[in-house]
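Let's take a walk through this model, with a few stops along the way. Have the structure open as you read.

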Amino acid sequence: IAVLSPEEKGQVRKRYSRPFDAHACLGVLDVNLGDNRAYYVVMVTNCTSIGRLYGSEILRVTDVTMVGLQAGIDQEDISEVRKLLCSGTFYFMANTGGADTSPGVGWELSLSAQCQFQQHSRDDRFFWNRRLHALPLQFGVDTSSWLVRICCGGVEMRTVYAGGK
């Protein structure tokens, strides 16, 4: 990852096309193909808002795109992983309040409430895409700034009225 000046960005941008829009990046999938390995960047290309919690939006993953990092890689090798991620059972949080809107800031869905209030930063029990963060971490990438954590399960938001007439 490199930081580019506005002039450099303009020059680099001319060489590339915009293939798709994405809401979040889940990480890099490392697939063992016997004698070879294949790497895919996993991008959330469609999601549904479930509700808001402490200034953060809870989003359900409904579609992902896997971008192969090598030429000539067969997408069939990862079709089942893609199907699982698009099943509607994975959720992530996006900070929508305040000036800092990076993925790792705000309420974290992959941490238990106890860990949130005790200000722990890690609880791998609910961090389902932890292995997708491993390769970027090996290269010194701050994954909390670039990638989101997902958890698997069910999320439902309800308004409860108590003590009113």
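Thr 45 is buried at 18% relative accessibility; buried means under 20% relative accessible area, exposed over 50%, and partly exposed in between, with a 1.4 Å probe and protein chains only. Setting aside neighbours within four places in sequence, Thr 45 is in contact with Phe 20, Asp 21, Ala 22, His 23, Asp 63, Val 64 and Thr 65 (contact is heavy atoms within 4.5 Å).

A word on ground rules: this is a predicted model, where local features need pLDDT of at least 70 and side-chain atom pairs pLDDT 80 or more, while totals for chains, interfaces and linings use all residues. Residues are numbered from 1 along each chain as its sequence is written, and side-chain values use heavy atoms, leaving out hydrogens and water.

Next, the aromatics. The structure has 1 aromatic pair, meaning ring centres within 6.5 Å for Phe, Tyr and Trp (its six-membered ring), with planes under 30 degrees apart stacked, over 60 edge-to-face and the rest tilted. Phe 90 and Trp 128 have ring centres 5.8 Å apart and planes at 75°, so they pair edge-to-face. Phe 90 belongs to strand β4 (residues 90–95), and Trp 128, 38 residues away, to the loop between α3 (113–117) and α4 (130–138). Phe 90 is buried at 2%, whereas Trp 128 is exposed at 51%.

Key:
Helices (H or I, at least four residues) and strands (E, at least two) are DSSP runs, numbered from the N terminus.
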